[in-house]
Amino acid sequence: MRLTDPTAGRIVYRGTDILGYSRRAFRPLRREIQMVFQDPGASLNPSMTIRQTLREPLKLHRLAQGNELEARLQETMRLVQLEPALLNRRADQLSGGQKQRVGIARAIASNPALVVLDEPTSSLDMSLRIVLLELLESLQERLGMTYLFITHDFSTVRHIADRVVVMYLGKVVESGPVDRILDDPKHPYTQALIAAIPIPEPRTRPRARLEGETPSALRPIAGCPFQDRCPHVMPECREGEIPTVEIAGRDVACLLYDGRGRRAEAPAASGAA
Ligand code: SF4
């Protein structure tokens, strides 16, 4: 979204690094890439009606006006399963679940190709989370958008994702198809995250606890970013860049798998993890 500039890396969209784009070159992407924010209360202007909020992107990108614009607003409300009558309300007159639907409606109003969803369910209780995930799934099927879904809640990942990228301290530690990652995680951090997913019958699986605190991302770390919390840490984990290797259909950045480590296969997460 270019809301802030990255300190390193590239942003490749449709095969092109868009970091070098001027403001003018980036303008068409402002319609094509939309965002749903974590806290709908903070991201909606409480002094504006929902009609004004949803009208903004359509007017900004000159997508509709007059009767067509009003019809499109009503259709967008129906798509997110909100009564069009709510267009006359302000955000502070809506419930948390309704506000998040308005956030989604604002994102999809301009017919985007990519929607970045930043922890969209974290402010909702469990029953509303499931309803919202189902809504996102049906919208994706209907409108053919790609989602980039950012979450700390691994239990939602299987519902929404095709591919998963696991990051620790800003580094990608494991990535691949969702089933591979969730059913057979390889990186010790992914193993700990998945072992921590709440399950209905706790005695069927050992509960794992991730020891220690996440270090500050501001302090540069030589070697693996997960070294201070990893139960399999080796001296070589504290030196240089950790290479990414392909193993069993996914990419993993861990020395346990690159031939330098002690094992070709890391053990599954244990209670110690
Ligand atoms: S590289 Fe070393 S410290 Fe990092 S996850 Fe693998 S074993 Fe653990």
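How many nonpolar, polar and charged residues does the shell around the ligand have? The shell has 8 nonpolar, 3 polar and no charged residues. This is a predicted model, in which local features need pLDDT of at least 70, side-chain atom pairs count only at pLDDT 80 or more, and totals for chains, interfaces and linings use all residues. Residues are numbered from 1 along each chain as its sequence is written, and side-chain values use heavy atoms, without hydrogens and water.

**Ligand shell**
- Around the ligand are H187, P188, C224, Q227, C230, H232, V233, C237, C254, L255 and L256 (a residue is near a molecule if one of its heavy atoms lies within 4 Å of it).
- Cys, Pro, Val and Leu are among the residues that count as nonpolar, while Asp, Glu, Lys and Arg count as charged.

**Helix packing**
- Two packed helices are described by the angle between their axes and the distance between the axes.
- Helix α5 (residues 96–108) packs with helix α6 (residues 126–143) at about 15 degrees, and their axes are 12 Å apart.
- Therefore α5 is roughly parallel to α6 (angles under 35 degrees).
- Helix α3 (residues 50–60) packs with helix α4 (residues 66–79) at about 115 degrees, and their axes are 10 Å apart.
- Therefore α3 is roughly perpendicular to α4 (angles of 65 to 115 degrees).

Note on methods: Axes fitted to C-alpha atoms, helices over the stretch in contact; angles between N-to-C directions. Helix = DSSP H or I, 4+ residues; strand = E, 2+ residues; numbered from the N terminus. Parallel < 35°, antiparallel > 145°, perpendicular 65-115°, else oblique.
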